[in-house]
Amino acid sequence: MNKTFLLADDDPDDVDMFREALSKIDPSFIFYHAQDGMGLFDKLGDKNLKKPDIIFLDINMPVMNGWECLAKLKQSESHRDIPVVIYSTASHHREVEKAFDMGALCFFTKPTEFKRLILNLRTIADGLGKDMPSLISHLDGIQCKVH
């Protein structure tokens with residue numbers, strides 16, 4: 001079964017790198033992109049699109065930022081069960097804790113190396129439907145709240 005990824009990020013370079021990394025891991029992966037949180041909810045509301053297996057949220061986006069989007073996702077009965085990973089250049093301890101407090105599964109600091117992005121996304125993809133935090137918490141640049 002094809003795994004479906006939804007990324008909300010307004011940086012075109014980061015989006016292209018993410019898309020390319022996923023296609024190198026497995027060309028059958030389905031990738032959706034939204035420019036911001038509002039666009040993400042447009043994608044989630046589109047009945048022609050498959051429900052994502054995982055959502056990646058950048059924090060700093062226009063219109064609806066990652067925090068607002070995460071709060072709205074976790075309040076939604078139909079979307080709260082989708083694992084959410086905060087995907088940001090930021091990595092301050094306060095932001096990581098805030099992400100966990102708001103219900104994010106992990107905090108993934110955007111890597112500068114393409115190989116690192118591929119490695120991390122491959123491990124995340126392999127962990128979908130499993131105990132992902134314990135499977136990926138050892139990865140460089142990813143912090144998970146292990147229950």
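Predicted model: local features only at pLDDT ≥ 70, side-chain atom pairs only at ≥ 80, totals over all residues.
Trainee: Happy to dig in! Which residues touch the most other members of the largest nonpolar core?

Mentor: Good place to start. This core has 25 residues, and the elements giving two or more residues to it are β1 (4-8), α1 (12-25), β3 (54-57), β4 (84-88), β5 (106-109), α5 (114-127) and β6 (142-144). Apart from it lies another core of 24 residues, including L40, L44, L70 and F100. Back in the largest core, the residues that touch the most other members are F5, F18, F56, F108 and L121.

Trainee: Which residues is F5 in contact with, leaving aside its neighbours within four places in sequence?

Mentor: F5 sits in strand β1 and is buried. With those sequence neighbours set aside, the contacts of F5 are L22, F29, I30, F31, Y32, I54, F56, A125 and L128.

Trainee: Is the ring pair of F5 and F29 stacked, edge-to-face or tilted?

Mentor: It is one of 7 aromatic pairs in the structure. The ring centres of F5 and F29 are 5.1 Å apart. Planes under 30 degrees apart would count as stacked and over 60 as edge-to-face; here the planes are at 50°, so the F5 and F29 pair is tilted.

Trainee: How many residues apart are F18 and F31, whose rings also pair?

Mentor: Both F18 and F31 are buried. Their ring centres lie 5.8 Å apart with the planes at 35°, so this pair is tilted too. F18 belongs to helix α1 and F31 to strand β2, so the pair links distant parts of the chain. The separation between F18 and F31 is 13 residues.

Trainee: Why do the buried residues of α3 lie on the same side of that helix?

Mentor: Helix α3 spans residues 66-75, and its buried residues are G66, W67, C69, L70 and L73. They pack against α2 (37-45), β3, β4 and α4 (93-101). What puts them on the same side of α3 is the arc they cover around the axis, only 160°.

Trainee: Which residue caps the N-terminal end of α3?

Mentor: Look for a side-chain oxygen 2.9 Å from the backbone nitrogen of W67.

Trainee: One last thing: which ring does the charged end of K72 sit over?

Mentor: Start from the charged end of K72 and look for a ring centre 4.5 Å away. That ring belongs to F41.

Terms used
Residues numbered from 1 in each chain as written. Heavy atoms only, no water. Core = buried A, V, L, I, M, F, W, Y, C linked by side-chain atoms within 4.5 Å. Buried < 20%, exposed > 50% of the residue type's maximum accessible area, 1.4 Å probe, protein only. Helix = DSSP H or I, 4+ residues; strand = E, 2+ residues; numbered from the N terminus. Contact = heavy atoms within 4.5 Å. Phe/Tyr/Trp six-rings, centres within 6.5 Å; stacked < 30°, edge-to-face > 60°. Lys NZ or Arg CZ within 6 Å of the ring centre and 35° of its normal. Arc of directions from axis to C-beta. Polar contact = N/O pair within 3.5 Å; in protein donor to acceptor, adjacent residues only side chain to side chain.
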